[in-house]
Amino acid sequence: MERNFFKNKLDNYWRNLDKRIFFSFILLFFLGLFFSFSSTSSLAGERLDKDYYFFFSKHLLFVFFSLILMFLISFIDLNFLEKTIVPIFIILFIALILVPLVGVEVKGSKRWLNLYFFRFQPIEFVKPFFVLVTAKILSLENFKTKNSSYIFSFLILLSIIILLVNQPDLGQSILIIGCWISIVFISGISIIYIISFFGISAASLAGLLILLPEKFGYITKRLTSFLDPSKGDNFQSQKALDAIKQGGLKGQGMGEGVLKDSVPEAHTDYIIAVIAEEFGSIVSIMLIMIFLYISFRIIKITVSEIDKNLKISLCGLSSLLIFQTFIHIGVNASLLPTTGMTLPFLSYGGSSLIGSSIIAGVILNFTRKDSTRYFKND
């Protein structure tokens, strides 16, 4: 009896799942696994004197866990998922607060919490739940005025930004701000409020740079180096750009790239440049097209979605995915200052992969025809 119930549940899940989005996510995960093998084998074997499959084995384990998590999130009941969003966000926000107190410092930045069996970066998990909580707030009807919901969501955003700037993590701060702006814009906020927010943000950033130059001077250095490479250290950005140029259309061949051996953390922060160097710009463009196709499918679904919470949530998660992708590509192509942003699904790193699986799982859940019961008839 139980076996038949589970089988019917699974059949119903598969029948109503958006298979195009599902297989796009699966493809990205497996491409990330392939590129991880290509970009980390020499790093592990020659530079760190470890087994050639050291990083690949860890990446494989994280991909396996991420796929299971994506399936579970996409499989559970929509009502149950919506009830867990706020409690999970609160737990993750507390974890983010703990980072400056008990976090692990790596290369001058304190962004990780070290558990006995796993070191993770809380912000990677906070991002998708911040989008969902913000969407939930903006879709509530029990606020006295609509502006109250914007103010409340802004206060949550401000709390996260303060914690991120203190780590410091400028890249994630910019990403979170961009996602919040896209969410409130979709919800119908007046353009005057958005302009005011930009003004407040710019004034706050200028104040930090002037009042606390020792702590936040790195921002000035990065901006100066970006605007005038001769006045700063742009070694990594220049190497990444050179790698993209050398790769051309067809690439140098698998394992033939030199960027992964000359730039630290190339398999995380500069993975798209490694891919372009070894496999060519054609493959890089195909990867970008996969991300754009996923976003297109999500937007197409939200057009017929009449539930405000689901509509805003899907648009926010799509924005998160696309913004992070293009920030990563922009840094690799020297179009943006260095941020240390990973590429979703493709960069090496457990926190990044699990964060991507959460985004993918929620998107698949919200786009299921049986869970999004508020669709208009096509």
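Visitor: How far apart in helix α5 are K127 and E124?
Guide: Side chains of opposite charge can pair when their charged atoms come close. In this predicted model, K127 and E124 are 3 residues apart in helix α5, so about one helical turn separates them.

Visitor: Is K127 buried or exposed?
Guide: Buried means under 20% relative accessible area. K127 has 2%, so K127 is buried; E124, at 5%, is buried too.

Visitor: How many salt bridges does the structure hold?
Guide: There are 2. D18 forms a salt bridge with R297, with 2.8 Å between the closest N and O atoms. This pair links distant parts of the chain, 279 residues apart: D18 is in the loop between α1 and α2, and R297 is in helix α14. Both D18 and R297 are buried.

Visitor: At what angle do α5 and α16 pack?
Guide: Angles under 35 degrees count as roughly parallel. Here the angle is about 25°, with the axes 7 Å apart, and α5 and α16 are therefore roughly parallel to each other. The residues of this contact divide into 9 nonpolar, 3 polar and 1 charged. Among those from α5 are E124, F125 and F129, which meet α16 residues including I354, I358 and V362.

Visitor: What does the side chain of N332 reach at 3.2 Å?
Guide: The side chain of N332 reaches the backbone nitrogen of A273. A polar atom of that side chain also lies 3.2 Å from the backbone oxygen of D269. N332 is in helix α15 and is buried, with a relative accessible area of 0%.

Technical notes: Residues are numbered from 1 along each chain as its sequence is written. This is a predicted model: local features need pLDDT of at least 70, side-chain atom pairs count only at pLDDT 80 or more; totals for chains, interfaces and linings use all residues. Side-chain values use heavy atoms; hydrogens and water are left out. Helices (H or I, at least four residues) and strands (E, at least two) are DSSP runs, numbered from the N terminus. Buried means under 20% relative accessible area, exposed over 50%, partly exposed in between (1.4 Å probe, protein chains only). A polar contact is a pair of N or O atoms within 3.5 Å; within protein, one must be able to donate a hydrogen and the other to accept it, and residues adjacent in sequence count only if both atoms are side-chain atoms. Axes are lines fitted to C-alpha atoms, for helices over the stretch in contact, and angles run from 0 to 180 degrees between N-to-C directions. Angles under 35 degrees count as roughly parallel, over 145 as roughly antiparallel, 65 to 115 as roughly perpendicular and the rest as oblique. Contact means heavy atoms within 4.5 Å. Ala, Val, Leu, Ile, Met, Phe, Trp, Tyr, Cys and Pro count as nonpolar, Asp, Glu, Lys and Arg as charged, and the others, Gly among them, as polar. A salt bridge is a side-chain nitrogen of Lys or Arg within 4 Å of a carboxyl oxygen of Asp or Glu.
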